Amino acid sequence: MTLDVLYFAWLRERIGAPKERVETAAATVRELVAELVALDDNHAAALSDLSAVRVAVDQELADLDHSLDGVREVAFFPPMTGG
Amino acid sequence: MLVRVQQEEFDPASLLRGFGPGAGAVVTFTGVVRGDTGRMRALELEHYPGMTERAMSAIAGQAQQRWNLIDVAAVHRFGRLEVGAQIMMVATAARHRAEAFAAAEFLMDYLKSRAPFWKREIGADGPGDWVEAKSSDEDALSRWD
């Protein structure tokens, strides 16, 4: 399965890119994170503390155990600071 | 319902023209870039195009379900915003003020923590720290459970 993975704010900076296309067999967000962390040091550093990371699956907030079945886009970002 | 995400300035008066026909109460809130940290010149707001509009529409829809609103509006800017600049605005129209005030507070609480925006401080030397979410902002959501 091909997924677009997006990063925002300091996660984008630590990864070094706003977006990447990944080929994955991950069934859940948590499994995807494990694959991303294994890619290189930047991914490992950005995703080391998941308590500081929020996830959206196809543009809806989701948790780490969310299924990736049929999903096209996953985003990782820090807690939001709108308003 | 009016939901807008934009870089350019907005004019509250023109947005409110004809807003909430028949309403007895219109509450508006405008957020402004605060100038209290001394070195800070501006905020840079990043957002998640696509999700931002969806999240803001969903939050506005929840407010409409919860209170008997005649209309609701939410406008949020992104990009570089200087100290004193408008960041965002919410407006609610209802028959009576209690509903309009409550719905406006609900919108503010949710936009702060559930709309995908990230603020970073820009100082005289350039980009500084990302603004960290406050636990009090997250706690504010629980009062609406």
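Predicted model: local features only at pLDDT ≥ 70, side-chain atom pairs only at ≥ 80, totals over all residues.
Residues are numbered from 1 along each chain as its sequence is written, chains are lettered from A and ligands numbered from 1 in the order in which they are written, and side-chain values use heavy atoms, with hydrogens and water left out.

Let me start with chain A, which has three helices and five strands, where helices (H or I, at least four residues) and strands (E, at least two) are DSSP runs numbered from the N terminus. Read from the N terminus, the order of these elements is β-α-β-α-α-β-β-β. The radius of gyration of chain A is 12 Å, close to the 12 Å that the globule rule gives for 83 residues, so chain A is as compact as a globular protein of that length; the radius is taken over C-alpha atoms, and the rule is 2.2 Å times the number of residues to the power 0.38. Along the principal axes, the C-alpha atoms of chain A fill a box of roughly 30 × 30 × 20 Å. Of the 83 residues of this chain, 48% count as buried, that is, under 20% relative accessible area, with exposed meaning over 50% and partly exposed in between (1.4 Å probe, protein chains only).

What about the cores? A nonpolar core is a set of buried Ala, Val, Leu, Ile, Met, Phe, Trp, Tyr and Cys residues joined through side-chain atoms within 4.5 Å. The largest has 34 residues, of which Leu32(A), Phe76(A), Phe77(A) and Tyr48(B) touch the most other members. Elements of chain A giving two or more residues to this core are β1 (2-7), α1 (9-15), α2 (29-37), β3 (54-57) and β5 (73-77). Beyond its neighbours within four places in sequence, Leu32(A) is in contact (heavy atoms within 4.5 Å) with several residues, including Leu3(A), Val22(A), Leu68(A) and Phe76(A). A second, separate core of 33 residues includes Trp67(B) and Tyr110(B).

Finally, Ser57(B) lies in helix α2 (residues 51-66) of chain B and, at 30% relative accessibility, counts as partly exposed. Setting aside neighbours within four places in sequence, Ser57(B) is in contact with Met1(B) and Val3(B).
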